[in-house]
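Biologist: I'm new to this one, and I'd like to learn how to read it. Could you walk me through some features, one at a time?

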Amino acid sequence: MMKKLFIIVVVLIFVGGALGTLYYWNQISWPVSDDTSTKLYAVREGEGVKEIAQGLFEAGLIKSTFWFETYVFFDGSESQFIAGTYSLSPSLNSREVVDVLTSGETTPEANITMIEGWTAEDMGAYLEERGVVRKDEFLQAALVTDSRDIISDVTYGFLADKPDNQGLEGFLFPDTYRIYDGATSADVIKKMLDNFDVKLSDELRSAAAARGMSIYEIVTLASIIEKEVRSDDDRAIASGIFYARLEQGVALQSDATVNYVTGKQALQPTLEDLETDNPYNTYKHQGLPPGPICNPSLSALRAAVYPAETEYFYFLTKPDGSTVFSVTYDEHLENKAKYLQ
C-alpha cells in the first residue's frame, strides 16, 4: 500500500513539475500577440527587474511580470539590463525582450508629435506611452513656475509676464520633434519652449503689445480659441467676439473653459457644470481665466493677435465641429435649439 502511495506521489510530482515547466516555457516563449508594430520602451538608470517587468507589462510587451522575473532570475541577467530607449514589439517573447534590453542596442532618436490643443497632461501620457519619459516626471517639470528650475541658465523673454504661480501650460508648442535616446523631461520641454520662442515672431509680439495684451494673456485667449473653433477664419471671428466681450465687461462664456474644469468634452455643458465655482469657469467669472487651458497652435495664436471685427456676439459649435455665429441672443437661442437640442 505504501509503495503504491509513494509511486502515486512521485507521478503527481513529476506530472506537476512537467506541467509547471510547460506553463513556464509557454509564458516566456510565446509573445503577447502577433502584432509586429514597434513601440519605444525606456529602461531608466537604477531601475530593478521588478520596475522593468511592471513597465513592460503595463506597455503590453510581456504576458506576466512573475514569469518574466522568474526567467530573468534563472537566466542570471538581473544586472545586465542597460539603460536606454529600445524598440520593442508585442510579437517578441520574454526571452527576446530580455535579449534586446541587455544588448545595449538602443534607439538613437525618435520622432514625437505633440497635437495642437493638448494639455501638459495629454503630452505626459503620450511621452510615457512612447517610452520617452514618465508622465509624472514630465508633469512635475511642466508645472514648475520658473523654467530655470528645470533648465539651468535659460531665460525666456516670453515668460516675463507669466504669473509667478502658473506653470508652463500654454507655452509647450505643439509640433513634431526629434528626441534623442536618454532625453529627460527638461530636454523635451526646452525643445518646445525654444520652438515657441521662434514661432511667436517679433511681428506677433509687436501686434499683441499694440493691442495692450501681454504675451500671457494672448496665450490664454489662444488656448480657448484652440479648443472652441477649428478653421482659421472662424477662429478670427470667435477671437473678435471674445475681445468684444472683454471690452464690454461681459463674461466670455466659453464651454471649453467649463470642460477644462469638469474634465468633460461636452458640446453643451450641463446647468450643473455651468454653476461650478472655479476661476476657470468663464460663465461665472468675467475676463480671461487665470491661465491657458491647453497648448495652442500658431493658428490660434494668430487669431488671438488678429481678431476679425464683425457684428457677431455669440457662437456655438455644431456636432460636426463647424461653427455657427449669431448677432443677437435670440438668434443664438434659435441656433442652439436647431443644432444642439
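This is a predicted model: local features need pLDDT of at least 70, side-chain atom pairs count only at pLDDT 80 or more; totals for chains, interfaces and linings use all residues.

Biologist: Which helices do lysine 50 and glutamate 69 lie in?

Modeller: Lysine 50 is in helix α2 (residues 49-58) and glutamate 69 in helix α3 (residues 65-75), so the bridge ties together parts that are 19 residues apart in sequence. As for the surface, lysine 50 is exposed because its relative accessibility is 58%, over the 50% cut-off. Glutamate 69 has 21%, so it counts as partly exposed.

Biologist: How many salt bridges does the count come to?

Modeller: Ten. One of them joins aspartate 175 and lysine 199, with 3.1 Å between the closest N and O atoms. That pair links distant parts of the chain, 24 residues apart: aspartate 175 sits in the loop between α6 and β4, and lysine 199 in helix α7. Aspartate 175 is partly exposed at 27% relative accessibility, and lysine 199 is partly exposed at 28%.

Biologist: And what do the side chains of arginine 302 and glutamate 203 do?

Modeller: They meet in a salt bridge too, at 3.8 Å from N to O. This pair also links distant parts of the chain, with arginine 302 in helix α13 and glutamate 203 in helix α8, 99 residues apart. Arginine 302 has a relative accessible area of 35%, which makes it partly exposed, and glutamate 203 is partly exposed at 44%.

Biologist: What about charges that gather in a patch on the surface?

Modeller: Look at Glu58, Glu128, Asp136 and Glu137, which form a patch of negative charge there. Aspartate 136 belongs to helix α6 (residues 135-142), and its relative accessible area of 53% makes it exposed.

Biologist: Now the inside. Which residues touch the most other members of the largest nonpolar core?

Modeller: The general idea is that in soluble globular proteins, nonpolar side chains tend to be buried together. In this model the largest such core has 60 residues, and Phe138, Leu172 and Ile189 touch the most other members. Elements giving two or more residues to this core include α5 (120-129), β4 (176-180) and α10 (232-248). The biggest giver is α9, with eight residues.

Biologist: Last one: where does glutamine 253 lie?

Modeller: In the loop between α10 and α11 (255-262). Glutamine 253 is partly exposed, at 36% relative accessibility.

Technical notes: Residues are numbered from 1 along each chain as its sequence is written. Side-chain values use heavy atoms; hydrogens and water are left out. Patches are made of residues with over 30% relative accessible area and no salt bridge: like charges are joined within 9 Å, nonpolar side chains (Val, Leu, Ile, Met, Phe, Trp, Tyr) within 5 Å. Accessible areas come from the Shrake-Rupley method with a 1.4 Å probe; for residues, only the protein chains shown count as cover. A salt bridge is a side-chain nitrogen of Lys or Arg within 4 Å of a carboxyl oxygen of Asp or Glu. Lys and Arg count as positive and Asp and Glu as negative; His and the chain ends are not counted. The place of a charge is taken as NZ of Lys, CZ of Arg, CG of Asp or CD of Glu. Helices (H or I, at least four residues) and strands (E, at least two) are DSSP runs, numbered from the N terminus. Buried means under 20% relative accessible area, exposed over 50%, partly exposed in between (1.4 Å probe, protein chains only). A nonpolar core is a set of buried Ala, Val, Leu, Ile, Met, Phe, Trp, Tyr and Cys residues joined through side-chain atoms within 4.5 Å.
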